[in-house]
Amino acid sequence: MPTPTKGPRLGGGPAHERLILANLATQLFEHRSITTTEAKAKRLRPFAEQLITKAKRGDLANRRRVMQTIRDKSVVHFLFTEIAPAMAEREGGYTRIVKIGPRKGDNAPMAVIQLVLEPLSAKQATVREAEKATAASAPAAEETPEVAVEETDDTAATDAEAPAADAEAGSVAQPDTLPEDGEGKA
Amino acid sequence: MAVPKRKMSRSNTRSRRAQWKASEPTLTTTVERGQVVHARPHQARVVTDSAGTPLYLEYKGRKVKDL
């Protein structure tokens, strides 16, 4: 549960802040990723995540509660049918804020806030499976499943780290390969 | 309405303005492929092509935003 906001509201008044947050949340669900100031992004995060939690419950009562803030019916439909199933495995942490530096003009610190739509990493998934397995087999036999779980965890961790490192190296190395191409053409 | 009684001297003006100072930004220093790279901490960085044209913003190996 996020703590209540202290200090001045966004935009100058409580009603204005509610409008700003509702509009930002609507745009976030529509476009999946929006650029705004850091202060607004930080306020938007708990607000949007509560709406996603309601969407994950998915019943009519929760849909009506979401409709109170997001007045665009198509966006609400998209939230309940596309975003909520994508977040089904995730326990919170539905959005990600990345700082992108000051804005030209008023030097305001800007950030990108986006929905975390990627599936859970292999490591997290295996850990969760293992926990389920231990919970299921705990009453039957306590010692043997624990050893198996530890082994799967270790292998999963190494497997998950290796592709991540590869992906990072690939994305960073890409711009450096371009100059060689340019020289070859010239 | 309050108004200044005397003209502000050039000396006083320049003394005041001499106190305007730029603060150093905090930077992280990393070595990438043999080159020392300075960057703002916890902030996305711009990936450019060979001509220096900005392509997109990247943070922790993840594409953040197109430019």
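**Close-up 1. Helices H2 and H3 of chain A in the predicted model, and the residues through which they meet.** In this predicted model, the axes of helix H2 (residues 38–57) of chain A and helix H3 (residues 60–69) of chain A come within 8 Å and cross at roughly 150°; axes are lines fitted to C-alpha atoms, for helices over the stretch in contact, and angles run from 0 to 180 degrees between N-to-C directions. That angle makes H2(A) roughly antiparallel to H3(A), given that angles under 35 degrees count as roughly parallel, over 145 as roughly antiparallel, 65 to 115 as roughly perpendicular and the rest as oblique. The crossing of H2(A) with H3(A) is left-handed, a term used if the near helix is turned anticlockwise from the far one by less than a right angle. From H2(A), A:Phe47, A:Leu51, A:Lys54 and A:Arg57 meet A:Asn62, A:Arg65, A:Val66 and A:Thr69 of H3(A), where contact means heavy atoms within 4.5 Å. The residues of this contact comprise 3 nonpolar, 2 polar and 3 charged, with Ala, Val, Leu, Ile, Met, Phe, Trp, Tyr, Cys and Pro counted as nonpolar, Asp, Glu, Lys and Arg as charged, and the others, Gly among them, as polar. Helices (H or I, at least four residues) and strands (E, at least two) are DSSP runs, numbered from the N terminus. Residues are numbered from 1 along each chain as its sequence is written, while chains are lettered from A and ligands numbered from 1 in the order in which they are written. Local features need pLDDT of at least 70, side-chain atom pairs count only at pLDDT 80 or more, and totals for chains, interfaces and linings use all residues, whereas side-chain values use heavy atoms, with hydrogens and water left out.

**Close-up 2. The crossing of helices H1 and H4 of chain A.** Helix H1 (residues 14–31) of chain A and helix H4 (residues 73–86) of chain A have axes that come within 9 Å and cross at roughly 50°, which makes H1(A) oblique to H4(A). Their crossing is left-handed. On the H1(A) side A:Thr26, A:Phe29 and A:Glu30 take part, and they meet A:Val75, A:Phe78, A:Leu79 and A:Ile83 in H4(A). By class, the residues of this contact divide into 5 nonpolar, 1 polar and 1 charged.

Close-up 3. In chain A, 3 strands form an open sheet in the order E1-E3-E2, with antiparallel pairing; two strands pair if DSSP finds at least two bridges between them. E1 and strand E2 (95–102) of chain A stand at the edges, each with a single partner strand, so one side of each is left without a neighbour in the sheet. Neighbouring strands are turned by 25° against each other on average, direction ignored. E2(A) is joined to strand E3 (residues 109–115) of chain A by 7 bridges, in the antiparallel sense, and A:Lys99 stands opposite A:Ala111 in E3(A). H1(A) lies across E1, E2 and E3 of chain A and runs at about 145° to E1(A).

Close-up 4. Strand E3 (residues 45–48) of chain B is joined to E4(B) by 4 bridges, with B:Val46 as bridge partner of B:Leu57 and B:Thr48 opposite B:Pro54. The hairpin of E3(B) and E4(B) has 5 residues between the strands, and B:Gly52 in its turn has a positive phi of about 85°. Strand E4 (residues 54–59) of chain B also pairs with strand E5 (residues 62–66) of chain B over 4 bridges; here B:Glu58 has B:Lys63 as its bridge partner, and B:Leu57 stands opposite B:Lys65. In that hairpin, with 2 residues between the strands, B:Lys60 takes a positive phi near 55°.
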